[in-house]
Amino acid sequence: MSWVRIEAMGRSLGFDAGTQAALADPLWMIGRQWQVGELRGDDAARPAAVRVTVGTAAVDRWRPAASAAMRPLPPGVPTERLVESMPVPASGAAATFSAAQRGAGLLRRLRRAGLGLAADRLVGEFPIAVQPDVGALGPTDVLAARVLARHGMDGTAVAAATALRLTTALDGLSAAEQAATIAVIDDWRGEAGPALDSWVDERMEYRFAVEATTDLGPITLTADGHDGGPLDWYAFDVATDRPRRPDRPDQPEQVTLAETTVSALPTNVRFAGMPASRWWEFEDGSVHFGDLDAGPSDLARLAVADFVTAYADDWFLAPVRLPTGTLSRVLRLEVYDTMGRRTTVDPAASVDRARTPDQPRAFRLFELSGEALAGTDRAPWLYLPAALASTLDGDPLERVELARDEGANLCWAVERLVEGPLGRAVDRARAWSASRPARTTRTHTGDEQWEYRVESSTPPWWIPLLPQRDAASAQMRLRRSRMRSWSDLPRAEAGAKGTVLRPSRPLWVREEEVPAAGVTVDRRWQLARWHDGTVHLWLQHRKRPGRGERSSGIVWDRIDR
């Protein structure tokens, strides 16, 4: 028994034959217009006015990854700066520069306030300690760190000092000078504020959540995979579990949405190169949708071509101005047409549910993932975060490349750049070459003994990531480790020296976060101007795709002479 399978196959990937209007005779043209439905008459009207009512709720709480409780969202601060600001470095040359920078800012304030004697006392009581890891950055940076330690003040230590420690440091000054100094220090601490850590080492990305109280109760939006950079609504998902806070009796369970009603004249949605809505009209020649090539898997291209050629003139635009940092939804939409009729437009999500109750919703543009709309007739939420339009990126202060090495069957964290004691990026490969003595030519006499090596040496800035199974989740994680060959090097010269790899504590990275192409994590300054004119500056981690697999050149069981 046999059977033959017949499948349809397109002879061409172009749309020319279906979209062209070749002229043969006038009757053919009329037939072509009849074919596409242009001669079909109806009493449909065009929208003449739109009245839309939108309800908004302020997003006023947030939770970083390192915290389990929601905290108030500070006003006037962009979400990017709030989320991406990293805590003060705790080790390495970056900690030395941060301590000196913060100390210099406090000393300037004290001297401007006429408290020069108190500033000198604090310099003597809070000296900068040179971190031993600075030795891996070359002799120039070691000298720079020593200069900072001799003439600077540890601002990080002053910020963490207790009132008793400060009083002891200012002993000998008058009570008025001590009070004035403490007041300046308190103001300085309040302006800086502690940065809350939203960076997740295991994922090498930011994780945080925001929350708003609406007429449906508290709604939490989570952003579990922010790589750094611009934020928009698609970075957030609605949390499936509804939060309850029995420890916050002052927080209401529900509030009334703030309603905004706007009447506007709807206009057609237009874009460059859009096809004309009628036959007898000249079109822009910059875009030719009939000349698009689409294969069987180009569904997105086919959908766009179908939209612009058949439904583009059916869409209208009625803008509604919304405040930033709000969660909004359309409550009512009324359309007045040219015939004087008023039509109430239902949400597309509810129309899809009524038409196909057992099927997934067909239209989900601008809809937050995870939102439960089953059994309701309301429109989905739209989150407008208090995000920046653009930022200025500084040069990378630190760069770490996570890559796979199939030859060595290992993953590596290659620390290309680290921040030096002067706040500038230091190339670890160049620093290593500058600190090594000049090579001398070795002459073999024939009397040398053969030397067996278990493994060859690797650069000390290539940090191995060894696989380790997590006992709780049974998933594989990559643990930051050390090479055996590093035992021949000074401890201060090998291993991680920056802040991305957290050398002051153990580090694990999820195995799936290091794909075959690898990833690159940069640490750099960000500068932006907010809509109210304020300027914001912060240090950011940014994750982006890598450059493919790497080879460390490591070999095992080697015999040298």
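The protein chain contains twelve helices and 23 strands, where helices (H or I, at least four residues) and strands (E, at least two) are DSSP runs numbered from the N terminus. The model is a predicted one, in which local features need pLDDT of at least 70 and side-chain atom pairs count only at pLDDT 80 or more, while totals for chains, interfaces and linings use all residues. Residues are numbered from 1 along each chain as its sequence is written, and side-chain values use heavy atoms, with hydrogens and water left out.

Of the 561 residues in the protein chain, 40% are buried; buried means under 20% relative accessible area, exposed over 50% and partly exposed in between, with a 1.4 Å probe and protein chains only. Among contacts (heavy atoms within 4.5 Å) with a separation of 6 or more, 71% come from residues 24 or more positions apart.

Strand β1 (residues 47–64) is joined to β10 (residues 326–337) by eleven bridges, and the two run antiparallel; strands pair if DSSP finds at least two bridges between them. Within this pairing, Val50 has Val335 as its bridge partner in β10. Strand β12 (residues 382–384) also pairs with β10 in the antiparallel sense, over three bridges, and here Thr326 is partnered by Leu384 of β12. A further antiparallel pairing over three bridges links β10 to strand β11 (residues 342–344), with Glu334 opposite Thr344 in β11. Four residues lie between the strands of the β10 and β11 hairpin, where Gly340 takes a positive phi near 85°.

Arg329 is also found in β10 and counts as buried, at 9% relative accessibility. Its side chain is joined to that of Asp215 by a polar contact of 2.9 Å. Such a contact is a pair of N or O atoms within 3.5 Å; within protein, one must be able to donate a hydrogen and the other to accept it, and residues adjacent in sequence count only if both atoms are side-chain atoms. Leaving aside neighbours within four places in sequence, the contacts of Arg329 include Thr53, Val54 and Gly55, as well as Arg378 and Trp381.

Turning to the helices, the axes of α4 (residues 92–112) and α5 (residues 116–125) come within 7 Å and cross at roughly 155°. Axes are lines fitted to C-alpha atoms, for helices over the stretch in contact, and angles run from 0 to 180 degrees between N-to-C directions. The two helices are therefore roughly antiparallel to each other, the term for angles over 145 degrees. Leu107, Leu110 and Arg111 of α4 meet Gly116, Ala119, Asp120, Leu122 and Val123 of α5.

Beyond α5, Leu137 sits in the loop between α5 and α6 (139–151) and is buried, with a relative accessible area of 4%. Its C-alpha atom is separated by 7.2 Å from that of Gly420, 283 residues apart along the chain. Outside four places in sequence, Leu137 is in contact with residues including Ala93, Val418, Pro421 and Ala431. Thr79, in helix α3 (residues 79–84), is likewise buried, at 10%, and touches Phe208, Leu231, Ala386 and Ala387, not counting residues up to four places away in sequence.

Finally, β18 (residues 462–469) and β19 (residues 476–480) pair in the antiparallel sense over five bridges, with Pro467 opposite Leu478 in β19. Their hairpin has six residues between the strands, and Ala474 takes a positive phi near 60°. Strand β20 (residues 508–510) pairs with β19 over three antiparallel bridges, with Trp508 of β20 as the bridge partner of Arg479.

Methods: Parallel < 35°, antiparallel > 145°, perpendicular 65-115°, else oblique.
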